[in-house]
Amino acid sequence: LVSLLFAGVRRRHLEYGDMMLPFAQAHVDFVAQTVKPLIDNRYRTKPQREHTHVMGTSMGGQASLHCVLRYPELFGGAACLSPCFQPSILQAVLSQPQRDDWSILCRDTKIYLDIGGDMDDVKVPLLDIMDHMTSEHWWNPGYFWLDTALQSGVEEMRENLRKVGLEHRFVKYPGGRHNERAWAKRIDQPLRYLFDCAQD
């Protein structure tokens, strides 16, 4: 069962933003305390943490990881595609072993990270005409520079996850743009990882 949440354009940077902001904390609390119980009560789900994961792109990737860190007893994994990690969540990962419930968080928690952008000899083109050929997102060619700008934060998060021993998978997509079309082309990878499906 897949549930899609949309914060809206005006509140997105607050609710998906820095995990120390009250708006971001309220958003995660809403997902955990309202949305998840509603879904579990209304549908025939497997409510255990090992069957419950969150996924987001860009700032939504940060919000997804925030869910896992704030409610490890509910969410067993997070997929963060082209995530925008801010300093507080990078630091929060390093402090996780000090938590009383660290044993829950480090037990079979899965974190998926990926990033596109310029890598080696592969550059993100200024314009990709195929971004304008779909009826749904023809207006969103993606920021050609943004995944490149986010790479350092993703690399730092990867290193922090390694330091504290949280299981994770990290995938690079050279030349990947920062838009829905790019994420749609690789959406199978985080799903396969989180749900233990065989990788191609």
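Author: Welcome! Two residues are in contact when heavy atoms of theirs lie within 4.5 Å. The model you see is predicted. By that cut-off, Gly-153 touches Phe-85 and Leu-90, leaving out residues up to four places away in sequence.

Reader: Where does Gly-153 sit, and what makes it buried or exposed?

Author: Gly-153 belongs to helix α6. Its relative accessible area is 13%, and buried means under 20%, so Gly-153 is called buried.

Reader: Why is the pair Asp-40 and Lys-36 called a salt bridge?

Author: The closest N and O atoms of Asp-40 and Lys-36 are 2.7 Å apart. The rule asks for a side-chain nitrogen of Lys or Arg within 4 Å of a carboxyl oxygen of Asp or Glu, so the pair qualifies. Both residues are in helix α2 (residues 22-42), four residues apart, or about one turn of the helix. In general, residues three or four places apart on an α-helix point the same way, because the helix has 3.6 residues a turn.

Reader: How many salt bridges does the rule give, and what makes Lys-172 and Glu-155 one of them?

Author: The count is 10 salt bridges. For Lys-172 and Glu-155 the N to O distance is 3.5 Å, which is within the 4 Å limit. Lys-172 is in strand β4 (residues 168-172) and Glu-155 in helix α6 (residues 146-164), so this pair ties together parts 17 residues apart in sequence. Lys-172, at 46% relative accessibility, counts as partly exposed, and Glu-155 does too, at 31%. A network of salt bridges links Glu-155, Arg-158 and Lys-172.

Reader: What makes a group of residues a nonpolar core, and which residues have the most contacts inside the largest one?

Author: Its members are buried nonpolar residues such as Leu or Phe, joined through side-chain atoms within 4.5 Å. The largest core has 36 residues, and Leu-65, Phe-75, Phe-85, Leu-113 and Met-157 have the most contacts inside it. Elements giving two or more residues to this core include α3 (59-70), α4 (87-95) and α6. A second, separate core of seven residues includes Ala-79 and Tyr-193. Leaving aside neighbours within four places in sequence, Leu-65 is in contact with residues including Phe-85, Ile-89 and Met-157.

Reader: What covers the buried residues of α4?

Author: The cover includes α3 and α6. Among the buried residues of α4 are Ile-89, Leu-90 and Val-93.

Methods
Residues numbered from 1 in each chain as written. Predicted model: local features only at pLDDT ≥ 70, side-chain atom pairs only at ≥ 80, totals over all residues. Heavy atoms only, no water. Buried < 20%, exposed > 50% of the residue type's maximum accessible area, 1.4 Å probe, protein only.
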